[in-house]
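User: I've got this one open in the viewer and would like to talk through how it packs. Can you walk me through it, starting from the middle?

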Amino acid sequence: MTDVFSAEKRAAIMRSIKGKDTSPEMTVRRMVHALGCRYRLHVASLPGCPDLVFPSRRRVIFVHGCFWHRHRCRKGKSLPASQTEFWRRKLERNARRDRSVRRRLRRLGWSVLVIWECQLCRPDRVRRKLEQFLRDA
């Protein structure tokens, strides 16, 4: 299947995709703030530059988009119709890198929580998961 956008338009669309301060990330940040917890953002000195870092608790949270990080949900299993092989390899590399980053953080003594974009449609569950993760510090 051919792309419905020109190469220039597709490139512009892809450039506009944010890596920080995404809508799912902002939702999680508001939830954590409402729990009374304070955090640092995108600490580059840690492997993977986690989205939220709680230094005194030695905990980090990643907020992952299902498509980009290959979640097991429907959205995470989809592939673009064009350049399928390129996207399959790219997204597999993302997932491999994510696993490596989590392993490295755990070896350094950090606890890691991943919140998936699709989980945010059930905010009460996410809030309970966040409370438990941050309370057990």
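This is a predicted model: local features need pLDDT of at least 70, side-chain atom pairs count only at pLDDT 80 or more; totals for chains, interfaces and linings use all residues.

User: How do S3 and S4 run, and how many bridges join them?

Analyst: Strand S4 (residues 111–116) is mostly covered, with 5 of its 6 residues buried. Arg-59 has Ser-111 as its bridge partner in S4. S3 (residues 59–64) and S4 run parallel, and the number of bridges joining them is 6.

User: Is Phe-54 buried or exposed, and at what relative accessibility?

Analyst: Leaving aside neighbours within four places in sequence, Phe-54 is in contact with several residues, including Val-32, Ile-61, Trp-110 and Leu-134. The cut-off for buried is under 20%, so Phe-54 counts as buried, at 2%.

User: What kind of aromatic pair do Tyr-39 and Phe-54 make?

Analyst: Tyr-39 sits in the loop between H2 and strand S1 (40–41) and Phe-54 in strand S2, 15 residues apart. Their ring centres are 6.0 Å apart. Since the planes are at 65°, the pair is edge-to-face.

User: And which residues form one aromatic cluster?

Analyst: Start with Trp-68 in helix H3 (residues 66–69) and Trp-87 in helix H5, 19 residues apart. Their ring centres are 5.7 Å apart with planes at 65°, so that pair is edge-to-face. Trp-68 counts as partly exposed at 25% relative accessibility, whereas Trp-87 is buried at 11%. The cluster is Phe-67, Trp-68, Phe-86 and Trp-87.

User: How far apart are the end C-alpha atoms of helix H5?

Analyst: H5 covers residues 84–107, which is 24 residues. At 1.5 Å a residue they should span 34 Å. The model agrees with that, as the end C-alpha atoms are 35 Å apart.

User: There's an Asp in that helix. Which residues is Asp-98 in contact with, leaving aside its neighbours within four places in sequence?

Analyst: Asp-98 lies in helix H5 and counts as buried because its relative accessibility is 8%. Leaving aside those neighbours, the contacts of Asp-98 are His-64 and His-69.

Terms used
Residues are numbered from 1 along each chain as its sequence is written. Side-chain values use heavy atoms; hydrogens and water are left out. Buried means under 20% relative accessible area, exposed over 50%, partly exposed in between (1.4 Å probe, protein chains only). Helices (H or I, at least four residues) and strands (E, at least two) are DSSP runs, numbered from the N terminus. Two strands pair if DSSP finds at least two bridges between them. Contact means heavy atoms within 4.5 Å. The expected span of a helix is 1.5 Å times one less than its number of residues. Rings of Phe, Tyr and Trp (its six-membered ring) pair if their centres lie within 6.5 Å; planes under 30 degrees apart count as stacked, over 60 as edge-to-face and the rest as tilted.
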